[in-house]
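Dear colleague,

I am passing on the structure below, together with some notes on what was found in it. Please read the notes with the coordinates open beside you.

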Amino acid sequence: MSQWITICSIDDILPQTGVCALLGHQQVAVFRPHRDEQVFAISNIDPFFEASVLSRGLIAEHDGDLWVASPLKKQRFRLRDGKCMEDESHSVAHFDARVKDGQVQLKA
């Protein structure tokens with residue numbers, strides 16, 4: 001059975017940025033693309049370099065979807081499902097995320 005785990009307050013994530021959180025032993029990049037309470041979560045590990053950097057990437061919109069560009073070589077990962085735009089074999093894990101009562105939660 002899965003459960004929702006509180007990560008932080010929505011106010012702890014500035015709009016148009018991401019933060020890194022631990023979900024068990026996994027590093028998760030949590031993004032808040034706008035000023036509203038919409039959040040997304042994908043693995044924080046850049047699969048091309050095995051580096052923990054995706055939470056520091058730039059959020060951009062392309063063809064109606066939100067993506068984050070890795071700060072290393074700029075490969076883009078779609079926030080809604082972790083798909084890599086440049087090479088689908090290097091896609092990252094996606095995590096269900098929500099805001100409840102002002103708290104960001106991830107599904108474990």
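**Notes on the model**

Ser-55 sits in the loop that runs between strand 6 (51-52) and strand 7 (58-62); please bear in mind throughout that this is a predicted model. Although it belongs to a loop, Ser-55 has a relative accessibility of 8% and therefore counts as buried, the cut-off being under 20%. Once its neighbours within four places in sequence are left aside, the residues in contact with Ser-55 are Gly-18, Val-19, Cys-20, Ala-29, Phe-31 and Asn-44.

Turning to the sheet, there is an open arrangement of 3 strands in the order 1-12-11, paired antiparallel. Strand 1 (4-9) and strand 11 (97-100) stand at its edges, and because each has a single partner strand, one side of each is left without a neighbour in the sheet. From one strand to the next, the twist averages 35°. Strand 1 is joined to strand 12 (residues 103-107) by 5 bridges, and Trp-4 stands opposite Lys-107 in strand 12.

As for aromatic residues, the structure holds 1 aromatic pair, formed by Phe-48 and Phe-77, whose ring centres are 6.4 Å apart and whose planes lie at 55°, so that the pair is tilted. Since Phe-48 lies in the loop between strand 5 (45-46) and strand 6, while Phe-77 belongs to strand 9 (residues 76-78), the pair ties together parts that are 29 residues apart in sequence. Phe-77 is buried, with a relative accessible area of 0%, whereas Phe-48, at 27%, is partly exposed.

With kind regards

How values were computed. Residues are numbered from 1 along each chain as its sequence is written. This is a predicted model: local features need pLDDT of at least 70, side-chain atom pairs count only at pLDDT 80 or more; totals for chains, interfaces and linings use all residues. Side-chain values use heavy atoms; hydrogens and water are left out. Helices (H or I, at least four residues) and strands (E, at least two) are DSSP runs, numbered from the N terminus. Buried means under 20% relative accessible area, exposed over 50%, partly exposed in between (1.4 Å probe, protein chains only). Contact means heavy atoms within 4.5 Å. Two strands pair if DSSP finds at least two bridges between them. Axes are lines fitted to C-alpha atoms, for helices over the stretch in contact, and angles run from 0 to 180 degrees between N-to-C directions. Rings of Phe, Tyr and Trp (its six-membered ring) pair if their centres lie within 6.5 Å; planes under 30 degrees apart count as stacked, over 60 as edge-to-face and the rest as tilted.
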